[in-house]
Amino acid sequence: MSRCKIQHASGADLGTTLAGLFGLGDRSLDSLPVASLTCLSDTGLPGNGYLLRADPVHLRADQSSLRLFDSHSFSITQEEADELVAAFNAFYAERGWRLAAPRPQRWYLSLPSDPAITMRAMTAVVGQSIDTCLPQGETAADWHALLNEIQMLFHSHPLNEARESRGEPVINSVWFWGGGELPATVQTKATRVVSDHPLAMGLAQQAGIARMDVPADGGELLGIAGDGLSLLVDDRLEGTTQYGDIESWLDTLRQLEQHWFAPLLAAVSRGELDSLCIYPCNGHYYLTNRKQQRRFWRRDRPFEDLCSHD
């Protein structure tokens, strides 16, 4: 990566960066209605009322605390998700709650109203102790008790006994986060979103713009994108970042530079692209155009150096 103009941008993570790009303001991921937007992408239908993500997790005892691991670290089939969701719905039938799992790793709980609690986003808790990340607010004690109850319910489920016998992590809880109602409107300068990321897909659908699957590389994208402004969202670095897997992070970053950044930068130099803007979700974005590419005296820098800019 070379000759980029570095500018400040809101968003120190992927979710808040996307929120800014779609006109939802400078909001933290904890306060975004992620559940309603990802449910839209998962089902194709807008959810009714207040939706809460209730994703399956593995809680592992670590000395005096419980550490949380999400579906990046274990596999779960749709059949397994359906079994646990059915157990949840049977247990809480008297409350009138209904949990749904349109995707095995993303579950949704519909509530009649805002539960008046604040919840930490999954990305902030992965690999960490849950002690300081539990729900806060007027009814926090009730939700803490609920989480304990769900742990006991799932712990005794035959599905988890079978997983444990196979040496697989048990799915012994859920994590509530991303609550809210679907925003009435979202706006973006992009004319299409190129992504398989559920939040980006939901935002594109709510904005009424086209969405494309991620192609093999930047060269293929240039051949199919056509006119307009494309927003490519790739989250391959997210899981390795959350779990501190430095080797995988560097390997993935090199692949991104080889297959995406380099060919797109070359397209800017040839005049096939007007400009290239990269958001590494560190509070900055990196913008280059053909005019800047002609400044040959500027020193090239590896993209991982740009990611650490402060």
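Predicted model: local features only at pLDDT ≥ 70, side-chain atom pairs only at ≥ 80, totals over all residues.

Visitor: How many bridges link strand 9 and strand 11?

Guide: There are 4 bridges between strand 9 (residues 192-195) and strand 11, in the parallel sense. With strand 10, strand 9 pairs over 3 bridges, also parallel.

Visitor: And what does Arg192 stand opposite in strand 11?

Guide: Ser230 is the residue opposite Arg192 in strand 11. Over in strand 10, Arg192 stands opposite Ala210.

Visitor: Switching topic: where is Arg163 found?

Guide: Arg163 sits in helix 6, which covers residues 158-165.

Visitor: Is Arg163 buried or exposed?

Guide: Arg163 counts as buried, because its relative accessibility is 0% and the cut-off for buried is under 20%.

Visitor: Which residues does Arg163 touch?

Guide: Leaving out residues up to four places away in sequence, Arg163 touches Phe74, Ser75, Ile76, Glu80, Glu168, Pro169, Val170 and Ile171.

Visitor: Let's look at helix 2. How many of its residues are buried?

Guide: Helix 2 (residues 34-43) is mostly covered, with 9 of its 10 residues buried. Those are Val34, Ala35, Ser36, Leu37, Thr38, Cys39, Leu40, Ser41 and Asp42.

Visitor: What do the buried residues of helix 2 pack against?

Guide: Quite a list: strand 2 (50-62), strand 4 (98-103), strand 5 (106-111), strand 8 (173-180) and helix 7 (198-207).

Visitor: You mentioned Cys39. Why does Cys39 count as buried?

Guide: Cys39 counts as buried because its relative accessibility is 10%, and buried means under 20%. Cys277, at 30% relative accessibility, counts as partly exposed, since that class runs between 20% and 50%.

Visitor: I always check my cysteines. How many disulfides does the count come to?

Guide: The count comes to 0 disulfides, where the rule asks for a pair of cysteine sulfur atoms within 2.5 Å.

Visitor: Good to know. Now zoom out for me: how many helices and strands does the protein have?

Guide: The protein has 12 helices and 13 strands. Its radius of gyration is 21 Å, close to the 19 Å from the globule rule for 310 residues, so the protein is as compact as a globular protein of that length.

Visitor: What does the C-alpha trace span along its principal axes?

Guide: The C-alpha trace spans about 65 × 40 × 35 Å along those axes.

Visitor: And what share of the 310 residues is buried?

Guide: Buried residues account for 46% of the 310.

Visitor: Last one: what percentage of the contacts between residues at least 6 apart in sequence join residues at least 24 apart?

Guide: The figure for those contacts is 65%.

Technical notes:
Residues numbered from 1 in each chain as written. Heavy atoms only, no water. Buried < 20%, exposed > 50% of the residue type's maximum accessible area, 1.4 Å probe, protein only. Pairing = 2+ DSSP bridges. Helix = DSSP H or I, 4+ residues; strand = E, 2+ residues; numbered from the N terminus. Contact = heavy atoms within 4.5 Å. Rg over C-alpha atoms; globule rule 2.2 N^0.38 Å.
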